[in-house]
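Welcome! Please take a moment to look over the structure, and then walk through it with this short briefing.

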Amino acid sequence: MKLKFLFVLAAILACTWAAEDGANWMKNNYGILGRRTLKQICILGSHDSGMSEYKKGTALAHPCNVLTQSYPIRDQLKFGARYFDIRPVLDNGEFVTGHYSKLPGHNYQGGNGQSIKSIIDEINQFITTHNELVLVRLSKSLNSGKSRSFDSEEWERLFHMLDGTKNLFYTSNGKVYLPGVTLEQFTNKGSKGAVLYIINEAGVSLGSRLGKGYFYYSNLDPYSKYSNTHKLNNMMKDQINKMKDFSRNSYFLLSWTLTQGAKHSGLCRVHMGKSIKELAAEANSKVWEIVQEVNSFAFPNILYVDNIKDSSFVNVVMEINKRLNA
């Protein structure tokens, strides 16, 4: 009886460690996840991933209305994030990340964050030593000097930089539906990491790069509609209802994020409105409530959050994945 108890205790501790080890959670849970398709797995997504630092910004920008994360991509990877929202900005000849909005009657307002070069370096450092799957969505490009999206030459310059990413995932079928690919296919049966760039911007041509680490947003084709509210209960109800209505037949991104709106964005600098991180703390404190709403027909494929500060979200993600295995 004592020996049986020790085996049970060891199994419990092993499962707990696998869930809490954010840097290796896919590999550690390969027995559960390996043969599942991406559509059958829940992963952690980082909203406005490059905005852990504030380098410079426009007149209305301030850390309280620009910063969405506390740690760079390097740490977010270690904390378990596997889907990254990168918004590239070309500013004075340098590619950086940005968090900008176009306000009525104004040019773009916002600020710059982590450099694209540093993100590539950090992904490379991680993916060569961790057999995990990493998805990077590129969207909302901005040439800040010209107040417009990237043209084809600027995209090509950015792609040339991204070509230096290690372990890009290659497939002979450029029209592949990525949610139908299994984790073991992405990672060569768990023997190597894989990186995919997902381009979410109209008019961009990938040309010969398609299928060679680069894919269109249509290859992923997620259902993704955020709640656009700063009210916690409204967001929770909206996202859980959308999950129940749409996740069965769609690759579903659940946006567990609160949006400042004009009042909080304009007044947070004088502490009369809540910062993005303060709103994130409210949302993140309730993230476990998603789990009780999950079943095999209603679950998030991407749990998309602000301000990933540790590996605690991996516990939520793996609890969802284990429930789908029941």
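This is a predicted model: local features need pLDDT of at least 70, side-chain atom pairs count only at pLDDT 80 or more; totals for chains, interfaces and linings use all residues.

**Helix H7**
- Find helix H7, residues 152–162, where Glu154, Trp155, Leu158, Phe159 and Leu162 are buried.
- Now look at the start of H7, where a side-chain oxygen of aspartate 151 comes to within 3.2 Å of the backbone nitrogen of glutamate 153.

**Helix H6**
- Helix H6 covers residues 116–127, which makes twelve residues.
- From its first C-alpha to its last, H6 reaches 16 Å, close to the 16 Å expected at 1.5 Å a residue.
- H6 is mostly covered, with nine of its twelve residues buried.
- Among the buried residues of H6 are Ile116, Ile119, Ile120, Ile123 and Phe126, and also Ser118, Glu122 and Asn124.

**Strand E5 and its partner E4**
- Strand E5 takes in residues 108–115, and seven of its eight residues are buried, so E5 is largely enclosed by the rest of the structure.
- Strand E4, residues 94–102, runs antiparallel to E5, and six bridges join the two.
- Lysine 102 stands opposite tyrosine 108 in E5.
- Is glutamine 109 buried or exposed? With a relative accessible area of 15%, glutamine 109 is buried, because the cut-off for buried is under 20%.
- The side chain of glutamine 109, a residue of E5, is joined to that of threonine 58 by a polar contact of 2.6 Å.
- Setting aside neighbours within four places in sequence, glutamine 109 is in contact with Thr58, Ala59, Leu60, His99, Tyr100, Ser101 and Leu103.

**The largest nonpolar core**
- As background, nonpolar side chains tend to be buried together in soluble globular proteins.
- The largest nonpolar core here has 84 residues, and Tyr197, Trp256 and Leu303 touch the most other members.
- Helix H13, residues 312–324, gives the largest share of this core, with seven residues.
- Which residues is leucine 303 in contact with, leaving aside its neighbours within four places in sequence? They include Cys42, Ile43, Leu44, Trp256, Val316 and Val317.

**Tyrosine 217**
- Tyrosine 217 is found in helix H9, residues 217–220.
- At 19% relative accessibility, tyrosine 217 counts as buried.
- Not counting residues up to four places away in sequence, tyrosine 217 touches Tyr83, Arg137, Ile198, Ile199, Asn200, Pro222 and Ser224.
- Tyrosine 217 and isoleucine 119 are 98 residues apart in sequence, and their C-alpha atoms are 20 Å apart in space.

**Two residues with a positive phi**
- Most residues other than glycine have a negative phi.
- Asparagine 167 is not a glycine, yet its phi is positive, at about 60°.
- You can find asparagine 167 in the loop between H7 and helix H8, where asparagine 167 is partly exposed, with a relative accessible area of 23%.
- Histidine 271 is not a glycine either, and its phi is positive at about 60°.
- Where is histidine 271 found? Look in the loop between helix H11 and helix H12.
- Histidine 271 counts as exposed, at 75% relative accessibility.

Notes: Residues are numbered from 1 along each chain as its sequence is written. Side-chain values use heavy atoms; hydrogens and water are left out. Buried means under 20% relative accessible area, exposed over 50%, partly exposed in between (1.4 Å probe, protein chains only). Helices (H or I, at least four residues) and strands (E, at least two) are DSSP runs, numbered from the N terminus. A polar contact is a pair of N or O atoms within 3.5 Å; within protein, one must be able to donate a hydrogen and the other to accept it, and residues adjacent in sequence count only if both atoms are side-chain atoms. Contact means heavy atoms within 4.5 Å. The expected span of a helix is 1.5 Å times one less than its number of residues. Two strands pair if DSSP finds at least two bridges between them. A nonpolar core is a set of buried Ala, Val, Leu, Ile, Met, Phe, Trp, Tyr and Cys residues joined through side-chain atoms within 4.5 Å.
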